[in-house]
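User: Please take me through the packing and the chain contacts of the structure shown here.

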Amino acid sequence: MNYVIEIRNLRKTYAKTVAVEDLSLDVNEGEIFGMVGPNGAGKTTTIECLEGLRLPDSGEIRVLGLDPTRQERALRYAVGIQLQKSQLPDQLTVGEVLDLFSSFYPDPAPWPDLLARLGLAEKRNAWFAKLSGGQQQRVFIALALINRPRLVFLDELTTGLDPQARRSIWDLVREVRDGGCTVFLTTHFMDEAETLCDRVAVIDHGKIAALDTPAALVRGLGAESRVLFDTLNGSDVQALTGVDGVTRVERDGRRVIVYGRPSASGQPLIGGVVSWLSAQKVAYSDIRMEQPNLEDVFLQLTGRAMRD
Amino acid sequence: MKSFWKLTAAECKLYFRFPIAAFFTLALLPMILLLLGAIFGNDPSPTFGGAGFLDTAVPGFIALVIAISAVMSLPMALTTYRERGILRRYRATPVSPAAVLGAQLVTQFAMTALGMVFLILIGKGLFHLKFAGNIASVMAAFTLGCLSFFSIGMVLAGVFPNTRAGTIIGNVILQPMIYLCGVTFPKEVMSEGMQQAIRFNPLTHVVTLMQGMWRGDAWAQHQTEVMILGVLLVVFGLIAVRVFRWE
């Protein structure tokens, strides 16, 4: 089998709300695949159908060749699952939790090693309730990895975590993938999808709005980059439009914004701008370049901004 | 089987680490028994058919422990687990639902039995508690009482919408049960209507059976109780299977 996950025409409704409408996609072995979209877009419904926790109205799903609705138990042995909303008993220690969950599987990973890998070794005897949000999330990752799965599902893994904790969780997810495990995740953070995922499906209103690598999605957008800098009032910068790649120049007091694309020779926009400023001996400060990102892709695809 | 025992061990640890449930099942009634024992003693009295106050109070109190475990501890434990997504977390593993629920039932049974042991130890150690029955019969009566009441508890676990409502509903059921079972207030002081209510209280039948086995009655004298508790077990057991929810 070529694909780890195959979804064909998945549909799921709750009463009158259509959560997922005619969704099809394939996930390759060994990639980090992300579903990104606002809350309520149908991400969690989709992932829970894949996990066999929800029954689809119609459509075909194969996860590791198994049908999640009929081969639920076999699937649970083979995959790792981190749920968006779940807890553990507060007064069990991290070690006790891992020992307990190991007993559910025939050939579990040695959990003390797993704890060390996840940076939780010294929390082994701490109660689950006493851990920080990031540490609790690490415990849930440990539980998702305890059966040495070929595929893990991570649902809104970093929601509610501070930026530092998010970054270290991202590193962990990459390590999991590098260890040969396929990762299927959902997130409503565009930056998370962009930095972490090998391929991204942008979901809106239960449908796939776009599916590709983050870089290709941004490239496909054909959006312009921006170079921003401050200059002295009075300096004439309109002639920047003559620089290769520049499409237009805006000025607002001291702040100048140059729009454009890489030059014909492939030089980034900022290169041409800086060369021109130096040649013309224009004094400038605070120069930076802004690339279009997934946020812009979403904006363009749906005509509205992502809301958290 | 390994996961079942691990789950049971974890549940037992949690029971003692979260002292509120442990207090009601293991400490409250022994404390009350201690108090009443100090007031009334255990001298033989015609009121109790020649037995002492404690000789009837102890088996009655054991029935109360069963009711507290079944109506409060058990459904509240499962409702908390459901509310917090802990049951969901178990559902995402291959562990069988029977192991998760079985561990909870075995833990509650063990703790109820421990509550019984405390009551007996206080009675024996301080008040010369008399025992005229046979241990196997008492254990059988205790087990039957637990099974039928735990099936009620499993129905409540499915019905409680959340822990807050569960605490209220549980108390609304438990309090009248405890006051109208002939243990806390003697039947003789109650009106005709109240005595009628006592007969319809399932806990009364656990009390009667426990007291009977304690004083050495034959099972043949308690066919009614055994039948009622057996029917409760089957009926509520079947309802419990229908109303149980993971989330």
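User: Which helix gives the largest share of the side of chain B that touches chain A?
Analyst: This is a predicted model, in which 18 residues of chain B are in contact with 20 residues of chain A. On the chain B side, eight of the residues are nonpolar, three polar and seven charged. The elements of chain B that give two or more residues there are helix H1 (2–17) and helix H4 (86–91). The largest share, seven residues, comes from H1(B).

User: Within what arc do the buried residues of H9(A) fall, seen down its axis?
Analyst: In helix H9 (residues 269–279) of chain A, the buried residues are Leu269(A), Ile270(A), Gly272(A), Val273(A) and Leu277(A). Because they line one face of the helix, the arc that holds them when H9(A) is seen down its axis is 160°.

User: Which exposed residues does the face of H9(A) turned away from its buried side carry?
Analyst: The buried residues of H9(A) are covered by elements including strands E10 (225–231), E11 (246–252), E12 (255–260) and E13 (284–290) of chain A. The face turned away from that buried side carries the exposed residues Ser275(A), Ser278(A) and Ala279(A).

Notes: Residues numbered from 1 in each chain as written. Chains lettered and ligands numbered in written order. Predicted model: local features only at pLDDT ≥ 70, side-chain atom pairs only at ≥ 80, totals over all residues. Contact = placed C-beta atoms within 7 Å. Helix = DSSP H or I, 4+ residues; strand = E, 2+ residues; numbered from the N terminus. Nonpolar A, V, L, I, M, F, W, Y, C, P; charged D, E, K, R; others polar. Buried ≥ 20, exposed ≤ 12 C-beta atoms within 10 Å, placed from the backbone. Arc of directions from axis to C-beta.
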